[in-house]
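Hi,

Here is the structure I said I would pass on. Have a look first, and my notes follow below.

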Amino acid sequence: STQSTGDCPSSMKGKGSKGGKGGKGGKGSFVCSTPEVFITRLSGTSTGPGLRRILEPCGAIHSVRLQPNKGMGWVTFSTVDEARECVSRMNGACYDGSWIKVAPAKSELWQAPQKRSAPLGEIASKPRAKMARESHAFEVAEDDHCETGEKAYRDVLPLLHWLADKLGKRPDELVIYDPYYCAGGTVRRLASLGFPNVINRNRDFYADIAGDRIPEHDLLLTNPPYSGDHIP
């Protein structure tokens, strides 16, 4: 039960919330990770010996440090379990005319055991498995088969507009060639930015080079793979 020494104003009762964070650990609560507890809302007349006296029923106390002018202090027990017991029993106790608050000096989040879910590795592998099943005209390395984000394309928009103007073309007339196909995102993203004339096909780029089948284009814009011998 919560200890009580001295008269405390009823208007302040409950603000320390008995047995709150750091006690025995409800679902999603914070519990002590060290034997030290942190106490606040101490009155200006609180003393180390007095605080030690009311907390000793929770366990063996190694040290008490107070800052009475700031209304706070630290109490170190011999074990973490004793510190947790102190938080559970003494948080919200009336001491020396004040409802004190007792919390873990250092805490960790305690969660109730959960039903086992699929391991993160299994979850992460699902999109890759789907990607691996997609039919490509070339060998695909899963770790090097990623779509370029829209932000990257926005970063080169000034260059694209400059080139279109230099060639005397409208943005929708500029022919952009990206030889490295992934999943078609290149065409969609550039079209959404005003450059719909994009060549990005599911073809073997190196076979096209060998067979002299590179399409006519104004600009080659790509995010090349980094695996294997793509980059010397």
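In which helix is Ile 209 found? Ile 209 sits in helix 7, which covers residues 205-210. Bear in mind that this is a predicted model.

Ile 209 also turns up on the surface: together with Tyr 206 and Ile 214 it forms a nonpolar patch there, and the three have about 250 Å² of accessible area together. Ile 209 itself has a relative accessible area of 45%, so it counts as partly exposed.

Next, the aromatic rings. Searching the whole structure gives three aromatic pairs. One of them is Phe 38 with Trp 74, a tilted pair at 5.2 Å centre to centre, with 35 degrees between the planes. This pair links distant parts of the chain, as Phe 38 is in strand 3 (residues 36-40) and Trp 74 is in strand 5 (residues 72-77), 36 residues apart. Phe 38 is partly exposed, at 25% relative accessible area. Trp 74 has a relative accessibility of 19%, and buried means under 20%, so Trp 74 counts as buried.

Then there is Tyr 180 with Phe 205. Their ring centres are 5.4 Å apart and the planes meet at 75 degrees; angles over 60 count as edge-to-face, so that is what this pair is. Here too distant parts of the chain are linked: Tyr 180 lies in the loop between strand 10 (176-177) and helix 6 (185-192), while Phe 205 belongs to helix 7, 25 residues apart. Both Tyr 180 and Phe 205 are buried.

Cheers

Note on methods:
Residues numbered from 1 in each chain as written. Predicted model: local features only at pLDDT ≥ 70, side-chain atom pairs only at ≥ 80, totals over all residues. Heavy atoms only, no water. Patch = residues over 30% accessible without salt bridge, like charges linked within 9 Å, V, L, I, M, F, W, Y side chains within 5 Å. Areas by Shrake-Rupley, 256 points an atom, 1.4 Å probe, with all protein chains shown as cover. Salt bridge = Lys/Arg side-chain N within 4 Å of Asp/Glu carboxyl O. Helix = DSSP H or I, 4+ residues; strand = E, 2+ residues; numbered from the N terminus. Buried < 20%, exposed > 50% of the residue type's maximum accessible area, 1.4 Å probe, protein only. Phe/Tyr/Trp six-rings, centres within 6.5 Å; stacked < 30°, edge-to-face > 60°.
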